[in-house]
Amino acid sequence: MARAIWLVLDSLGIGHAPDADAYGDAGADTFGHIAAACAAAPRGPLQLPNLTRLGLPAAHALAGGQVAAVFAAAPAPVALWGCMAEQACGKDTPSGHWESAGVVLDRPFGVFDAPQNSFPPELLAALVDAAQLPGVLGNCHASGTEILDRLGAEHIATGKPIVYTSADSVFQIAAHEQGFGLQRLLTLCELARALLAPYNIGRVIARPFIGAAATGFQRTGNRRDYALPPPAPTLLDAVRAAGGEVIAVGKISDIFAAQGVGRSVHASGHDALFDATLDALTQAGDGALIATNFVDFDSVYGHRRDVFGYAAALEHFDARLPQLLEHLRADDLLLLSADHGCDPTWPGSDHTREQVPLLAYSPGLAPRALGKRSSFADLGQGIATHLGLSALSAGRCFLTSQAA
Ligand SMILES: O=P(O)(O)O[C@H]1O[C@H](CO)[C@@H](O)[C@H]1O
Ligand SMILES: [Mn+2]
Ligand SMILES: [Mn+2]
């Protein structure tokens with residue numbers, strides 16, 4: 001019986017969305033701009049033989065992107081390939097994942113849009129009081145690494161956690177793993193999650209770090225995301241209701257607030273995430289869904305605007321793909337997609353409103369183009385069909401129609 005393996009390449013947009021102008025993102029193209037920068041740099045063109053076979057450059061071309069010369073003569077894909085635009089408002093991780101799993105967010109999350117003094121004073125006062133803190137630092141829009149350089153030493157000296165946000169619907173708290181304490185930070189995030197109820201904020205994110213002012217600060221793999229639960233049952237719930245196992249690897253369980261997750265495997269770094277996915281594949285039974293989020297594309301490279309780091313991470317991911325492809329059973333369906341863009345050549349440090357790839361491979365499935373799809377939900381609908389589930393309430397199945 002069928003199984004599905006869904007890999008989210010977090011932030012791998014393939015060209016601006018039709019409504020990108022409203023987000024200040026007209027012209028953004030995460031994949032295209034990385035490919036173009038590599039082609040013009042001493043390091044040389046992007047080498048992605050396996051993602052090319054699965055149709056990533058073809059999907060990029062379909063989305064309207066300028067095809068880099070290195071991909072121009074690529075052979076036809078062996079998979080199904082298409083591009084998807086997000087129907088929900090926003091360009092953040094939870095809405096992108098939920099829509100891909102069949103739930104289109106109809107009420108946009110709240111955002112703290114003031115660049116300075118971003119949070120309501122009464123919210124911060126309540127947090128300080130509830131957690132008996134000496135105060136907080138930050139209270140602004142920031143890049144999470146830049147703010148450590150700026151406020152890390154003061155945090156250590158005062159014991160005040162650093163709170164910050166971005167264009168996304170997030171309340172982020174950074175604190176030193178030893179000086180402040182990891183468990184104390186996680187407890188503080190849970191308190192913040194509860195206090196943020198009136199503000200409809202998508203995620204509270206714990207950002208633990210280590211190091212010292214003299215030697216520099218580094219964020220650790222102990223990041224945790226405390227998301228709002230999806231507003232309706234998703235594909236994950238449908239898989240479980242039908243008796244299938246849902247194995248969530250990496251951030252997936254956090255993003256779905258554990259709803260519909262049978263087993264969660266936390267791992268840090270793309271190699272560990274890939275290994276955990278391979279392990280899950282050997283263990284998963286009939287009807288299972290394995291879902292993995294590869295977060296470093298976004299967190300380590302996209303937000304940091306590290307073009308060549310992103311390129312190298314793509315090449316590394318590509319090099320590991322054959323291990324996964326070799327282990328696929330005849331009735332397994334492998335999906336590759338993304339949740340939004342984060343163009344490392346774009347101004348600022350925020351996500352970009354982009355189309356994302358929909359690549360689907362199964363040993364027995366004849367390759368074809370899937371066209372431009374108008375919702376990420378088409379991915380989930382296709383998985384539901386593949387696993388023999390009832391149709392989800394959103395999305396057009398890409399397995400049964402030639403194009404959207
Ligand atoms: O700059 P860092 O801390 O990585 O934060 C980024 O990560 C958050 C989640 O993607 C975004 O909202 C953005 O602010
Ligand atoms: Mn994301
Ligand atoms: Mn991000």
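This is a predicted model: local features need pLDDT of at least 70, side-chain atom pairs count only at pLDDT 80 or more; totals for chains, interfaces and linings use all residues.

Me: Why is Asp298 called buried?

Reply: Being buried takes 20 or more other C-beta atoms within 10 Å. Asp298 has 26 of them, so it is buried. Asp298 lies in helix H12.

Me: Does His303 count as buried or exposed?

Reply: His303 has 20 C-beta neighbours inside 10 Å, and the cut-off is 20 or more, so His303 counts as buried. His303 sits in the loop between H12 and H13, and its contacts include Ser143 and Ser349.

Me: How do you know that Asp298, His303 and His351 gather at one spot?

Reply: UniProt lists these three under "binding site", in an unreviewed entry. They span 54 residues in sequence, yet no two of their C-alpha atoms are more than 8.4 Å apart, so they gather at one spot. Asp298 and His303 are also among the residues surrounding ligand 1.

Me: How do you know that the span of helix H13 agrees with its 20 residues?

Reply: At 1.5 Å a residue, helix H13 (residues 307-326) should span 28 Å; its end C-alpha atoms are 30 Å apart, which agrees. H13 also has a kink of about 30° at Arg320, shortly before the proline Pro322.

Key
Residues are numbered from 1 along each chain as its sequence is written. Chains are lettered from A and ligands numbered from 1 in the order in which they are written. A residue is near a molecule or strand if its C-beta atom, placed from the backbone, lies within 6 Å of it. Helices (H or I, at least four residues) and strands (E, at least two) are DSSP runs, numbered from the N terminus. The expected span of a helix is 1.5 Å times one less than its number of residues. The bend at a residue is the angle between axes fitted to the seven residues ending there and the seven starting there. UniProt positions are given in the numbering used here, feature names are shortened, and annotations may be inferred rather than shown by experiment. A residue is buried if 20 or more other C-beta atoms lie within 10 Å of its own, exposed if 12 or fewer, and partly exposed in between; C-beta atoms are placed from the backbone. Two residues are in contact if their C-beta atoms, placed from the backbone, lie within 7 Å. Lists of a residue's contacts leave out its neighbours within four places in sequence.
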